[in-house]
Amino acid sequence: MVGTSIGVEVYLKLKHLYFHIPWCKKKCNYCSFYSKQIFDFEKYFELAKRNLKKFPNLSPKTVYFGGGTPSLLSSVQLSNLLGLLDLSSVSELTIECNPADVSLAYAKELKKIGFNRVSLGMQTFLETELKLLGRRASVEQNYKSFSYLRDAGFDNISCDLIYGLPNQSMSDLLFSLEKMIELRPEHISTYLLSLDEKVPLHSQKKNIPCDEELEKFYLKIREALLEAGYHQYELSNFCLPACESQHNLAYWHGKYYLGIGQGACSFYEEQGKLMRTDGFGGCEKITPEQEEAEFIFLSLRLTEGLNKRAYFEKFDADFEEKYSIILSKYRNYFDISEKRIALNSEAYFVSDEIFSEFITYE
């Protein structure tokens, strides 16, 4: 984790905290993230306490419990972890939940101990797709969990929608999308299925729709959500007014953050150098070239785009001048104003190709 040579001025910039809760009852068929099935909360709690003691002045604005499956923790265990923190400045306290774990009683307990935002891993409203993905929840549990959260008083719920599944048709996608819109969550995150070679579902990669079809899926998702009154603020994220994920925006804006747990990363400054650490003891010094590349592609993931003044102040260069060749090559994909440079909607699905140009630029 983070070393002890971090100054007080960096503590003051660490306003975003992530708890990685590593446990899963079973691993989903498409998941390549770090997780384990052996539960040892007491050991985790002691490690979290030890790491947080290095930050006596830590007063986060956002706290996010991700996984793994944070909803496997009891309200008492979650409350114990929250008890390690100064929550006086927190405006957004999020927990990811598997719909299979959410009862009305649990939803009420989450609300009581201070959570004000829930990210619900629904993924799809077709039983066949849930089984294909290896999800624990059923369609019925998707509906019930959402209803329980509403009944418990949650007015900031995010739902996940995954697309590009093997043999998925446009009608399959639209069915799940329409059901999700009917629920009217405040936030919807969309994910294009990606299959690592080591996951069980990789054997069906050949059945994933072609790129042209996937682009149609993406455009249809975007069209339907915009028509339903959602605002797209990031390539894969949509929300109702003023319901953006403040925690994720911190990542995209390049803010410092602290990660607790083996599957978590931290990003901070130490002795004048930018560093990235992970829960396995890994530590990487961020080079100026890496910092610039990350600033560019993270900024361009946001629909508001890259702030030209912020870029100049950070890197002492004129963005348009430095990258004039790339901007000219993709001129039909950029909207350029006096203050910002942003991808237009025609570039969203092919954004990775454009980002790679900036990353490899010399």
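Thr124 touches Glu129, Leu130, Leu133, Asn142 and Ser176, leaving aside residues up to four places away in sequence. Contact here means heavy atoms within 4.5 Å. The model is predicted: local features need pLDDT of at least 70, side-chain atom pairs count only at pLDDT 80 or more, and totals for chains, interfaces and linings use all residues. Residues are numbered from 1 along each chain as its sequence is written, and side-chain values use heavy atoms, with hydrogens and water left out.

Thr124 sits in the loop between β4 (117-123) and α5 (127-133). Helices (H or I, at least four residues) and strands (E, at least two) are DSSP runs, numbered from the N terminus. Thr124 is buried, at a relative accessible area of 0%. Buried means under 20% relative accessible area, exposed means over 50%, and partly exposed lies in between (1.4 Å probe, protein chains only).

The side chain of Thr124 makes a polar contact with that of Ser176, at 3.1 Å. A polar contact is a pair of N or O atoms within 3.5 Å; within protein, one must be able to donate a hydrogen and the other to accept it, and residues adjacent in sequence count only if both atoms are side-chain atoms. A polar atom of the Thr124 side chain also lies 3.1 Å from the backbone nitrogen of Leu126.

Ser176 belongs to helix α7 (residues 170-183). Ser176 is buried too, with a relative accessible area of 2%. A polar atom of its side chain lies 2.9 Å from the backbone nitrogen of Phe125. Beyond residues up to four places away in sequence, Ser176 touches Thr124, Phe125, Leu126, Glu129 and Leu161.

**Salt bridges**

Side chains of opposite charge can pair when their charged atoms come close. The whole structure holds 14 salt bridges. Each is a side-chain nitrogen of Lys or Arg within 4 Å of a carboxyl oxygen of Asp or Glu. Among them are these pairs.

| Pair | N to O distance |
|---|---|
| Lys144 and Glu140 | 3.1 Å |
| Lys314 and Glu291 | 3.9 Å |
| Arg309 and Glu313 | 3.1 Å |

Lys314 lies in helix α11 (residues 308-315) and Glu291 in helix α10 (residues 288-301), so this pair ties together parts that are 23 residues apart in sequence. Lys314 is partly exposed at 46% relative accessibility. Glu291 is partly exposed at 24%.

Lys144 and Glu140 are four residues apart in helix α6 (residues 139-151), so about one helical turn separates them. Lys144 is partly exposed, with a relative accessible area of 39%. Glu140 is partly exposed, with 47%.

Arg309 and Glu313 are four residues apart in helix α11, so about one helical turn separates them. Both residues are exposed. Elsewhere, a network of salt bridges links Arg276, Glu284 and Glu294.

**Nonpolar cores**

The largest nonpolar core has 96 residues, and Phe19, Phe65 and Leu81 touch the most other members. Helix α8 (residues 211-227) supplies the largest share of this core, six residues. A nonpolar core is a set of buried Ala, Val, Leu, Ile, Met, Phe, Trp, Tyr and Cys residues joined through side-chain atoms within 4.5 Å.

Phe19 touches Tyr44, Ala48, Leu52, Val63, Tyr64, Phe65, Gly66, Leu81, Leu85 and Ile260, not counting residues up to four places away in sequence. A second, separate core of seven residues includes Cys239, Cys243, Trp252 and Leu302.

**Helix α4**

Tyr106, Ala107 and Leu110 are buried in helix α4 (residues 104-112). Seen down the axis of α4, its buried residues fall within an arc of 100°, so they line one face of the helix. The arc is that of the directions from the helix axis to the C-beta atoms. These buried residues pack against α3 (75-82), β3 (92-97) and α6. Gly114 follows α4, and its phi is positive, near 120°.

**The whole chain**

The chain has 14 helices and 15 strands. Its radius of gyration is 21 Å, close to the 21 Å that the globule rule gives for 362 residues, so the chain is as compact as a globular protein of that length. The radius is taken over C-alpha atoms, and the globule rule is 2.2 Å times the number of residues to the power 0.38. Along its principal axes the C-alpha trace spans about 55 × 55 × 40 Å. Of the 362 residues, 50% count as buried. Among contacts between residues at least 6 apart in sequence, 69% join residues at least 24 apart.
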